[in-house]
Amino acid sequence: RQAQHQPLLYHSESMDLFYARWKKLSDDLYDSTTGQFDITKIPDLYDNIKYDALHNVPPLDPHAVWHLFETTKLLACFVVASEYGIETQHKSSIGVKICRSLIRKIAWDLRVAAVSYTHLRAHETPEHLVC
């Protein structure tokens, strides 16, 4: 029996992996038990269709890919914008929370680096004592 021809996908992704990637995204996006969509998954949908539009169009229907890309792009623009607040007050509040966490992380990293540097310097042998 002759092996079926499998389309070539980017970075040698198999059709099984391609299918599994889209199946998981589909399952995450739509909950068939509740009949509800999880709109927080729309950016993931957009990222995946953009990836496939850039890298895997030949084995796919180009018209369908383009249509899905344009549709998800519009939805993602709305969803992503609302993730960071709609009103100025909400955007500022979310921005402060994100920046506060980032600044704390940077300050922690700088303290750890300073202690490590001080520890290393304390254990250096002065060059004039090295034979």
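The model is a predicted one, in which local features need pLDDT of at least 70 and side-chain atom pairs count only at pLDDT 80 or more, while totals for chains, interfaces and linings use all residues. Residues are numbered from 1 along each chain as its sequence is written, and side-chain values use heavy atoms, with hydrogens and water left out.

The secondary structure comprises four helices and two strands, which follow one another from the N terminus in the order α-β-β-α-α-α; helices (H or I, at least four residues) and strands (E, at least two) are DSSP runs, numbered from the N terminus. Among the contacts in the protein with a separation of 6 or more, 48% are accounted for by residues 24 or more positions apart, a contact being defined by heavy atoms within 4.5 Å. The accessible surface comes to about 10,900 Å², of which 62% belongs to carbon and sulfur atoms, as computed by the Shrake-Rupley method with a 1.4 Å probe, where for residues only the protein chains shown count as cover.

Helix α3, spanning residues 62-83, has 22 residues and reaches 30 Å from its first C-alpha to its last, close to the 32 Å expected at 1.5 Å a residue, the expected span being 1.5 Å times one less than the number of residues. Within α3, the residues V65, F69, T72, A76 and V79 are buried, and the buried residues of this helix pack against α2. The N-terminal end of α3 is capped by D61, a side-chain oxygen of which lies 3.2 Å from the backbone nitrogen of H63. Just after α3, G85 takes a positive phi of about 95°.

Helix α2 comprises residues 42-55 and includes N48. This asparagine, N48, counts as buried because its relative accessibility is 17%. When residues up to four places away in sequence are not counted, N48 touches R21, W22 and L25.

Definitions and conventions. Buried < 20%, exposed > 50% of the residue type's maximum accessible area, 1.4 Å probe, protein only. Polar contact = N/O pair within 3.5 Å; in protein donor to acceptor, adjacent residues only side chain to side chain.
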